[in-house]
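Hi,

Handing this structure over to you.

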2 protein chains.
Amino acid sequence: MRNRIKELRKEKRISQEELASAVKVTRQTIISLENGKYNASLILAHAIAVYFGKTIEEIFLFEEEGSC
Amino acid sequence: MRNRIKELRKEKRISQEELASAVKVTRQTIISLENGKYNASLILAHAIAVYFGKTIEEIFLFEEEGSC
DNA sequence: CAGTTATGTATAATACACTTTACATTTTTA
DNA sequence: TAAAAATGTAAAGTGTATTATACATAACTG
């Protein structure tokens, strides 16, 4: 699952550290999410969505699996 | 965080087992989600939302925290 | 009432989200 | 160009989402 965190963060011109503290996680967590190391929890996804003023679905891109 | 899984499932008149296999988790997971034992992962939340034809935000209710 | 289907509880095991710390590299800016 | 700020990597530890199995109870159906 891809996400638009890095893209949205750059638009807002804030650092990973600023985003991290805004959504109350560590910078490590933001780095790992941006670089696709793992997926956010639902709660964190929601916090990030609220922060950017978007819905979860606008930020986290679930490319339709299950077509096979 | 509350969710409307049980409510939506009853509307559709399907069993926990049917929902579980539809979204590819065990019945245990559905039971635990419905009874508030823990929160779904983002991927599972999405699968459930797709199954019910709703958005994640329509099913998982994040009552605004962080007001204090 | 007897049998089946649906729901719930308990517990141990596994996988993964997230933290912490420390260091390395890139980018910005003075 | 040198200092500072931003980004990335690595590895070990904690908490929690999910599985698996087994059993108990409730609800429906014949």
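**Contacts with DNA**

Of the 16 residues around DNA strand C, the nearest are Gln28(A), Thr29(A), Tyr38(A), Ser41(A) and Ser15(B). A residue is near a molecule or strand if its C-beta atom, placed from the backbone, lies within 6 Å of it. This is a predicted model: local features need pLDDT of at least 70, side-chain atom pairs count only at pLDDT 80 or more, and totals for chains, interfaces and linings use all residues. Residues are numbered from 1 along each chain as its sequence is written, while chains are lettered from A and ligands numbered from 1 in the order in which they are written.

Which elements each supply at least two residues of the surface near DNA strand C? They are α3 of chain A, plus α2 (16–22) and α3 of chain B. Helices (H or I, at least four residues) and strands (E, at least two) are DSSP runs, numbered from the N terminus. The largest share, 3 residues, comes from α3(B). By class, this surface has 5 nonpolar, 9 polar and 2 charged residues. Nonpolar means Ala, Val, Leu, Ile, Met, Phe, Trp, Tyr, Cys and Pro; charged means Asp, Glu, Lys and Arg; the others, Gly among them, are polar.

DNA strand D is surrounded by 16 residues, and the closest are Ser15(A), Val25(B), Thr29(B), Tyr38(B) and Ser41(B). Two or more residues come from α3 (27–34) of chain A and from α3 (27–34) of chain B. The classes here are 5 nonpolar, 10 polar and 1 charged.

**One lysine**

Lys10(B) sits in helix α1 (residues 5–12) of chain B.

Regards
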